Amino acid sequence: MSDLKGKTCQFARPWGPRCGKPAKTEHEGKFYCGIHNPVKRAARQAEGRVKLALKREDLRIRKARKEAGEEALELLKLIKMQDFPANSLSYLQSKAQIILAKAEGKS
Ligand SMILES: [Zn+2]
């Protein structure tokens, strides 16, 4: 690594100055510090994208479960109604199937 001695990081954003920290690596003819190493930066950015995708999926599932819970509550209220037609079992079953699919993230 003696060829890095005295070299500084050449990373710069279009609107900013060069980093200028001591270089720790060379990549495609340019020198970079540990923070701006293009390979490490790409890995960090990929990791960030994966975390964001997981967070979005988690939020989607939580939202679907919350909606399913609210719909299940409405269905229970409907069933509790005393004048609810006794021959409506298939209707209740289809509603329950929709709610369960939502709770399981299938809709
Ligand atoms: Zn740098």
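1. From the N terminus on, the elements of this chain run β-β-α-α, which gives two helices and two strands. Helices (H or I, at least four residues) and strands (E, at least two) are DSSP runs, numbered from the N terminus. The model is a predicted one, in which local features need pLDDT of at least 70 and side-chain atom pairs count only at pLDDT 80 or more, while totals for chains, interfaces and linings use all residues. Residues are numbered from 1 along each chain as its sequence is written.

2. A word on confidence. The mean pLDDT of the chain (the predictor's confidence in each residue, from 0 to 100) is 89, and 94% of the residues reach 70 or more.

3. Next, the overall outline. The C-alpha trace spans about 85 × 25 × 15 Å along its principal axes. Its radius of gyration is 29 Å, whereas a compact globule of 107 residues would have one near 13 Å; the radius is taken over C-alpha atoms, and the globule rule is 2.2 Å times the number of residues to the power 0.38.

4. How much of the chain is buried? Buried residues make up 7% of the 107 residues. A residue is buried if 20 or more other C-beta atoms lie within 10 Å of its own, exposed if 12 or fewer, and partly exposed in between, with C-beta atoms placed from the backbone.

5. Helix H1 (residues 38-80) has 43 residues and reaches 63 Å from its first C-alpha to its last, close to the 63 Å expected at 1.5 Å a residue. That expected span is 1.5 Å times one less than the number of residues. The number of buried residues in H1 is zero, so the helix lies largely in the open. Glu70, which has its place in H1, counts as exposed because it has 11 C-beta neighbours inside 10 Å.

6. Helix H2 (residues 89-103) has 15 residues and reaches 21 Å from first C-alpha to last, close to the 21 Å expected. Ser90 lies in this helix and counts as exposed, with 8 C-beta neighbours inside 10 Å. Ser90 and Val39 are 51 residues apart in sequence and 59 Å apart in space, C-alpha to C-alpha. Just after H2, Gly105 takes a positive phi of about 75 degrees.

7. Which residues form the largest nonpolar core? They are Cys9, Phe11, Ala23, Phe31 and Tyr32. Such a core is a set of buried Ala, Val, Leu, Ile, Met, Phe, Trp, Tyr and Cys residues joined through C-beta atoms within 7 Å. Not counting residues up to four places away in sequence, Phe31 touches Leu4, Lys7, Thr8, Cys9, Gln10, Ala23 and Glu26; two residues are in contact if their C-beta atoms, placed from the backbone, lie within 7 Å.

8. Two more residues deserve a look. Glu28 sits in the loop between strand E1 (25-27) and E2, and its phi is near 50 degrees, a positive value in a residue other than glycine. Glu28 counts as exposed, with 6 C-beta neighbours inside 10 Å. Ala12, in the segment before E1, is exposed, with 12 other C-beta atoms within 10 Å. Leaving aside neighbours within four places in sequence, Ala12 is in contact with Pro17, Arg18 and Cys19.
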